[in-house]
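This report goes through one protein model for a reader who has not seen it before. It takes up a helix, the strands, the charged pairs and the nonpolar cores in turn.

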Amino acid sequence: MEQTRSRVRIIEQAVGKVSRPNIIVGVPEVGLVGTISASYLIQQLNLPEIAIVDSDLMPQVIVVHESTPKHPVRVYGKGDLAIVIAETPLTPRLSSEFTAELTRWAKEKEAKMIIGVTGIPSRNREM
């Protein structure tokens, strides 16, 4: 059976390599818990950007932080910690291919674990 190539790529930058990391993933879902948590950790731990996630499946947008344009899905980290943050919604197809590529990258880095930070919808939520 022919293996198809992923349409999602993690492109590493030269700065701030990680080794056997714990990976935390924050993507926009219910209440934006993942994205907010990832952003907070990146800021508090002063983590450098170490990679971007690129795909033709992503919306054609950029985000701007401190007057600098950024890819909407990035990886920050150092030592044994990597944090993946997405600041754009991921479609079902993009989510599937992103997960496969992240898993491949995690195996390559000999990651200890991957932790997804997410919210849970509630009907009883107070307004």
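Helix α2 is followed by Glu 110, whose phi is positive, near 55°. Helices (H or I, at least four residues) and strands (E, at least two) are DSSP runs, numbered from the N terminus. The model is predicted: local features need pLDDT of at least 70, side-chain atom pairs count only at pLDDT 80 or more, and totals for chains, interfaces and linings use all residues. Residues are numbered from 1 along each chain as its sequence is written, and side-chain values use heavy atoms, with hydrogens and water left out.

Helix α2 covers residues 92-108, which is 17 residues. The expected span of a helix is 1.5 Å times one less than its number of residues. For α2 this gives 24 Å, and the end C-alpha atoms are 24 Å apart, so the two agree.

The buried residues of α2 are Leu 94, Glu 97, Phe 98, Glu 101, Leu 102, Trp 105 and Ala 106. Buried means under 20% relative accessible area, exposed over 50%, and partly exposed in between (1.4 Å probe, protein chains only). Their cover includes strands β1 (8-12), β2 (18-26), β3 (49-55), β6 (73-86) and β7 (113-117).

Strand β2 runs parallel to β6, and 6 bridges join them. Two strands pair if DSSP finds at least two bridges between them. Gly 26 has Ile 85 of β6 as its bridge partner. Strands β2 and β7 also run parallel, joined by 5 bridges, and here Val 25 is partnered by Gly 116 in β7.

Next come the charged pairs. Side chains of opposite charge can pair when their charged atoms come close. A salt bridge is a side-chain nitrogen of Lys or Arg within 4 Å of a carboxyl oxygen of Asp or Glu.

| Salt bridge | N to O distance |
|---|---|
| Glu 12 and Lys 109 | 3.1 Å |
| Glu 87 and Arg 74 | 2.7 Å |
| Arg 104 and Glu 108 | 2.8 Å |

In the salt bridge of Glu 12 with Lys 109, Glu 12 belongs to strand β1 and Lys 109 to the loop between α2 and β7, so the pair ties together parts that are 97 residues apart in sequence. Glu 12 counts as partly exposed because its relative accessibility is 29%. Lys 109 is buried, with a relative accessible area of 15%.

In the salt bridge of Glu 87 with Arg 74, Glu 87 sits in the loop between β6 and α2 and Arg 74 in strand β6, so parts 13 residues apart in sequence are tied together. Arg 74 counts as buried at 2% relative accessibility, whereas Glu 87, at 29%, counts as partly exposed.

Arg 104 and Glu 108 both lie in helix α2, 4 residues apart, about one turn of the helix. Salt bridges that share partners join Glu 49, Lys 70, Arg 74 and Glu 87 into one network.

A nonpolar core is a set of buried Ala, Val, Leu, Ile, Met, Phe, Trp, Tyr and Cys residues joined through side-chain atoms within 4.5 Å. The largest has 21 residues, and those with the most contacts inside it are Ile 23, Val 53, Val 75, Val 84, Phe 98, Leu 102 and Trp 105. Elements β1, β2, β3, β6 and α2 each give two or more residues to this core. Apart from it lies another core, of 8 residues, among them Ile 24, Ala 38, Leu 81 and Ile 83.

How values were computed: Contact means heavy atoms within 4.5 Å.
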